[in-house]
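Please open the model in your viewer and keep the selection tool at hand.

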Amino acid sequence: MKLTVALLASFAGAGAFQLPSLSVNSNRHQSATARPAATSTTLYQFGTLGFDTNNLYSREEEETIRTQNEVIQYLTPLQAPTAIRSDLGTSVLISGFDPTDPSSTEILAFLNNEESPHFAFTKIVAHVEDVKLAKKRLIGRNARYTGLLDKLDFSDGADSPVPTKEQLADVSSWVAHVGGGDISKLSAIAEAAEAADSVKNVSILVSGAQGVGGDALKEAEELLKGKATTFGYTLLVVPEWNDEPEATCAFGLVNVTDVVDAPFAENASFSREESLRIVTECLAIDQAAGKSVVANAAKEPNSLENMLIVGMREIGFSRLGEIEHMVTRGTKGYNDAVAEQKQNSGWEKAPEQTDEQKAATAKTKEEQILLKRQKREEAEKQTELKAMATQWAKREYLRKNLKRRIPIKEDEFIEIIWDRAMFEADLKYRTMQGQAVSESEERQQFRDAQEAKKKDAYKQEQERWKKMEYQELEPPEEKTISWN
């Protein structure tokens, strides 16, 4: 059966690639003058591909491709390192985030991201209404292993969602969230930042603002301009949040001054992660200071916003550079450049790269590919290590539970011995990979490190107890009256 199919395929292939002088028409003995011109179709008329390549795309598709190429030509000379604000400082405060909402953990992850070296924060303060609930929600295994636990602190906002002057002391940067499109709270935020001498940068995110009109947004911008004299601000306004991951959909940013009527369409929504990424990066971008912008999702492939985002990602813009370009130039910058081109001779074409530049670019791409591969392999290794550590911890829980019942649940037990579980998984992993393992020495080093951590934790707990007030140890009892 396989031989028959192979023979048929070979015959079909032979027929498909006839010599150009032979006609596709099966009547080979018919004279050239007797054959009608419409049926005399030879392969050389369609080129080497064997089919007509002149009408592969429709007019609209050809126009989209042409515009995309022009966008890339426009973007290429604009790629440059992003200028970072020099006064970001080492401490940042976040406010207006609900600990029970994913946005609270996502904003902390963006500010404590090792891939964002421009954020050199050593202290991150969360201003929340319920400190006890926030600690329960925000402090976990992930906070411990990302280093967030060493930086995170809490500020009590039970009396006011906006931090006081005292609570903003020693805070250099501030990311504020206002939900429900309530732009009336911007005045209190600006006044609090102005009163705190240490605050130099404020990035404000207003979500759920689909009911806010263009005139109200312009008034909000004028308010911030009038009150922000000692700090730089950035205002980002978005509609209702959705759960789409960041960087999965293009976006457009429009200055508040360019908004004519309603900034958002009916039932519009915007990625929560994307809005948090934009508002945190704007905290660092120097040219974003003093900007008030409205963000909209650009889902249409032929939209100019989508072409700009796609073009920047093809060229190799970083996420920081991508957001800076959309904040400072965006579609308005491109349209202005097109208008200038029509008046003048247009922008010059990017110079052709020399062989040395091409080799350097290729080397950079190879290094980037190698770095991405290493990161992917490291992520796969960490996933495997966590799975092995979880299995080891579960077996350990079962073993100890068989000897004597443990008065805690399995998840709590795993979290307690997670350091030991990761150590055991790492030993097993390296042994499986054939790497050299000095088990006795490494176990002794691990025990010494754990003892040092215990001593340090005990010392910190002692200091915390010394600073405690009497009411924290014995809170006043609530008196209730029960009616029988």
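A residue is called buried when its relative accessible area is under 20%, exposed when that area is over 50%, and partly exposed in between. Please note also that this is a predicted model.

**First stop: E322 and R313.** Select E322, which counts as buried because its relative accessibility is 1%. Its salt-bridge partner is R313, with the closest N and O atoms 3.0 Å apart. R313 is partly exposed, at a relative accessible area of 34%. Now extend the selection to E246, E274, R277, E281 and R319, which are linked with R313 and E322 in a network of salt bridges.

**Second stop: E244 and K299.** These two residues form another salt bridge, and their closest N and O atoms are 3.0 Å apart. E244 lies in the loop between β7 (240-242) and β8 (250-255), while K299 lies in the loop between β10 (291-298) and α10 (304-315), so the pair ties together parts that are 55 residues apart in sequence. E244 is partly exposed, with a relative accessible area of 28%, whereas K299 is exposed, at 54%.

Move to helix α14 (residues 410-416), where I416 is found. Is I416 buried or exposed? I416 is exposed, with a relative accessible area of 63%. Select A393 as well: 23 residues separate it from I416 along the chain, and the two C-alpha atoms are 9.7 Å apart.

Select residues 418-432, the 15 residues of helix α15. From first C-alpha to last, the helix reaches 21 Å, close to the 21 Å expected at 1.5 Å a residue. Its buried residues are W418, A421, M422, F423, E424, A425, L427, Y429 and R430. Just after α15, G434 adopts a positive phi of about 80 degrees.

E424 is buried at 11% relative accessible area, and R443 is partly exposed at 21%.

**Last stop: the whole protein.** Buried residues account for 35% of its 484 residues. The accessible surface comes to about 30700 Å², of which 51% belongs to carbon and sulfur atoms. Among contacts between residues at least 6 apart in sequence, 81% join residues at least 24 apart.

Conventions
Residues are numbered from 1 along each chain as its sequence is written. This is a predicted model: local features need pLDDT of at least 70, side-chain atom pairs count only at pLDDT 80 or more; totals for chains, interfaces and linings use all residues. Side-chain values use heavy atoms; hydrogens and water are left out. Helices (H or I, at least four residues) and strands (E, at least two) are DSSP runs, numbered from the N terminus. The expected span of a helix is 1.5 Å times one less than its number of residues. Buried means under 20% relative accessible area, exposed over 50%, partly exposed in between (1.4 Å probe, protein chains only). Contact means heavy atoms within 4.5 Å. Accessible areas come from the Shrake-Rupley method with a 1.4 Å probe; for residues, only the protein chains shown count as cover. A salt bridge is a side-chain nitrogen of Lys or Arg within 4 Å of a carboxyl oxygen of Asp or Glu.
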